[in-house]
Amino acid sequence: MTDTLTAFARAKTDRLDAERLLRTLIPTRRLDGVRVERGGRRLISFSCNDYLGLTHHPAVKAAAKAAIEVHGAGAGASRLVTGDTPLVSELERRLAAKKGAEAACVFGSGYLANAGIVPTFAGPGDLVLVDELAHSCIWAGAKLSGAQVLAFRHNDLADLESKLAAARAGARHALVATDGVFSMDGDIAPVGDLSRLCRAHDAWLLVDDAHGFGVVGEGGLGVRGLFPDARIDLQMGTLSKALGGYGAYVCATAPVIALLKSRARTFVYTTGLPPANVAAALAALDVIEAEPERVAAPLAKARRLTRALNLPEARSAIVPIVIGPAAKALEAAAALEAQGLLAVPIRPPTVPDGTARLRLAFTAGHPDEAVDRLAAAVRPWLAP
Ligand SMILES: *Cc1c(COP(=O)(O)O)cnc(C)c1O
């Protein structure tokens, strides 16, 4: 007799498997920003968020090693107890200055950041409006908040406005939350218009710049660079994509950051980021500031592909090739892999039902020749 927990899990995984939705981990050795080794084969990856190749940058690695030597391998406690290495205040100052904000708060990860930020500023009696395609952790934060949560149609200002008009008056506070660059579609939120709408309805705006910072906007400034005049109350981003490490941050006014540091549960009740991650992020910021040509490369590579395939011009380093059924996306990925190209298929519930896709991510180190080979390999899978 199996116990009921195991039976429950088995029934669920069997069903996911039948729908081709079961996820499995495939050991993958990343050799640098571009090449990976899987099952004894070398592949060129178009599935890493390491947009600038900084996971393997010598200066970034050296900074992490040096920080371990000086500060140890771990933070040892919550930042509010003894885990607040001086490096992290320096990182917060750097990030705030870059984003033109008074202050910043570094979190353990992007998921933790959004799961903590939203409930700090919204609770029962409040209203949270979330773009339907926003990242899972924004939704997690919205649900944890206990506020009334409404989805608005993707990048649809009219839908957002009508929902604000209907529900804003009944709520004490309202928060609008969206990705800046959408993680599975690569398109960009209309942040300028969102900011105007939020002001008109006295709503606060949270923009998640996980895929923007280091890639889009002047100097890789992210969404802040694309929409310099927008009021973005909470400028959230991660240290794990273009910056090549791990962790996350939010930039805002000093009182907003002070409240987060006292009240965000995913800040207060969790261990501080390891010093090596903080030092790596600082070194990554140095590289971004010193090498504008590196920052410009991912978008140029993405545009090389969209030009080759006659797709709408890429606006970020992410280009989705929507295939439809999950089984067919798996087939497409296998065909690419046979040609030495890694494009991991993204399936529901990460993307809406019926929109399984190859999510192509371009990085500074991708040779043009590899992008051209990818274009040729993807062409047969484009919708007619
Ligand atoms: C990756 C991602 C996150 C989560 O960040 P982690 O640091 O990986 O936890 C949050 N938001 C968006 C839009 C992301 O793509």
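In this predicted model, a backbone N or O atom of Tyr111 lies 3.0 Å from an oxygen atom of the ligand. An N or O atom in the side chain of Lys241 is 2.9 Å from a ligand oxygen. For the side chain of Ser240, the corresponding distance to an oxygen atom of the ligand is 3.1 Å. On its own, the ligand has 380 Å² of accessible area, and the protein covers 87% of this.

The ligand sits in the largest pocket.

The largest cavity has a volume of about 50 Å³. Its lining includes Arg79, Val106, Phe107, Gly108 and Leu273. Thr266, Phe267, Thr270, Thr271 and Gly272 also belong to this lining. Strand 4 (103–107) and helix 10 (265–268) are the elements that each give two or more residues to it. Five of the lining residues are polar, four are nonpolar and one is charged.

The second largest cavity has a volume of about 40 Å³. Lys99, Val207, Asp209 and Val223 contribute to its lining, as do Arg224, Ile232, Gln235 and Met236. Here, the elements that give two or more residues are helix 8 (223–226) and strand 9 (234–238). The lining of this second cavity has four nonpolar, three charged and one polar residues.

Terms used: Residues numbered from 1 in each chain as written. Predicted model: local features only at pLDDT ≥ 70, side-chain atom pairs only at ≥ 80, totals over all residues. Heavy atoms only, no water. 1 Å grid on protein atoms, 1.4 Å probe; cavity = no way out; pocket = protein on both sides within 12 Å on 5 of 7 lines; lining within 4 Å. Points joined across faces, edges and corners; volume = space filled by probe spheres on them. Helix = DSSP H or I, 4+ residues; strand = E, 2+ residues; numbered from the N terminus. Nonpolar A, V, L, I, M, F, W, Y, C, P; charged D, E, K, R; others polar. Polar contact = N/O pair within 3.5 Å; in protein donor to acceptor, adjacent residues only side chain to side chain. Areas by Shrake-Rupley, 256 points an atom, 1.4 Å probe, with all protein chains shown as cover. Sits in = over half its atoms within 2 Å of the grid points.
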